[in-house]
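Work through the exercises below with the sequence and the model open. Try each task before you read its solution.

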Amino acid sequence: KETHKFEVTIVHRTTNGNKPFEHKINVYSGCTIESLALVAMEDGNTFYDLTFTFGKVSVELNAIGDDGKPEKIGPYVYNVVESKSE
């Protein structure tokens, strides 16, 4: 049985005053889908409910520095398969 691996990127955005910026970025590598459902809410909104396994996760943060601009922290990478940081 052939398995296709893919990458999932989740970006959390926030604002600094009126300026939006990417606060946190999670990148999951070596993913396989376990389940996928399209959920319809009573208010008319819909969303995907996705469950997946992954081999590696990378986390990158942006913190507001003293000058008021975002400063990059990371990325920090953890390999789940090998149980170690990279």
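**Exercise 1. Which residues does asparagine 62 touch, not counting residues up to four places away in sequence?**

Step 1. Contact means heavy atoms within 4.5 Å. By that test, asparagine 62 touches Phe21, Glu22, His23, Pro70, Glu71 and Lys72.

Step 2. Asparagine 62 sits in strand E4 (residues 56-64). Strands are DSSP runs (E, at least two residues), numbered from the N terminus.

Step 3. A polar atom of the asparagine 62 side chain is 2.6 Å from the backbone oxygen of glutamate 22.

Step 4. Classify the accessibility. Asparagine 62 counts as buried because its relative accessibility is 16%. The classes are buried (under 20% relative accessible area), exposed (over 50%) and partly exposed (in between), with a 1.4 Å probe and protein chains only.

A note on the source: this is a predicted model, in which local features need pLDDT of at least 70 and side-chain atom pairs count only at pLDDT 80 or more, while totals for chains, interfaces and linings use all residues. Residues are numbered from 1 along each chain as its sequence is written, and side-chain values use heavy atoms, with hydrogens and water left out.

**Exercise 2. Describe the surroundings of arginine 13, then find its salt-bridge partner.**

Step 1. Arginine 13 belongs to strand E1. Is it buried or exposed? Arginine 13 is exposed because its relative accessible area is 61%.

Step 2. List the contacts. Neighbours within four places in sequence aside, arginine 13 meets Phe21, Glu22 and His23.

Step 3. Check one distance. Arginine 13 and histidine 23 are ten residues apart in sequence, and their C-alpha atoms are 5.2 Å apart.

Step 4. Name the partner. Glutamate 22 forms a salt bridge with arginine 13, with 3.1 Å between the closest N and O atoms. A salt bridge is a side-chain nitrogen of Lys or Arg within 4 Å of a carboxyl oxygen of Asp or Glu. Side chains of opposite charge can pair when their charged atoms come close.

Step 5. Classify the partner. Glutamate 22 is partly exposed, because its relative accessibility is 30%.

**Exercise 3. Where is asparagine 79, and what does it touch?**

Step 1. Asparagine 79 is in strand E5 (residues 70-79).

Step 2. It is buried, because its relative accessible area is 8%.

Step 3. Beyond residues up to four places away in sequence, asparagine 79 touches Gly55, Lys56, Lys84 and Glu86. Two of these names, Lys56 and Glu86, form a salt bridge with each other.

Step 4. A polar atom of the asparagine 79 side chain lies 3.0 Å from the backbone nitrogen of valine 81.

**Exercise 4. How do strands E1 and E2 pair?**

Step 1. Strand E1 (residues 6-16) and E2 run antiparallel and pair over ten bridges. Two strands pair if DSSP finds at least two bridges between them.

Step 2. Valine 11 stands opposite isoleucine 25 in E2.

Step 3. Inspect the turn. The hairpin of E1 and E2 has two residues between the strands, and glycine 17 there takes a positive phi near 70 degrees.

**Exercise 5. Which residues make the nonpolar surface patch of about 550 Å²?**

Step 1. The patch is made by Ile33, Leu36, Leu38, Tyr48 and Leu50. Patch residues have over 30% relative accessible area and no salt bridge; like charges are joined within 9 Å, nonpolar side chains (Val, Leu, Ile, Met, Phe, Trp, Tyr) within 5 Å.

Step 2. Assign the elements. Strand E2 (19-40) and strand E3 (46-53) each give two or more residues to the patch. E2 gives the largest share, three residues.

Step 3. Take one member. Isoleucine 33 lies in strand E2. It counts as partly exposed because its relative accessibility is 48%.

Definitions and conventions: Areas by Shrake-Rupley, 256 points an atom, 1.4 Å probe, with all protein chains shown as cover. Helix = DSSP H or I, 4+ residues; strand = E, 2+ residues; numbered from the N terminus. Polar contact = N/O pair within 3.5 Å; in protein donor to acceptor, adjacent residues only side chain to side chain.
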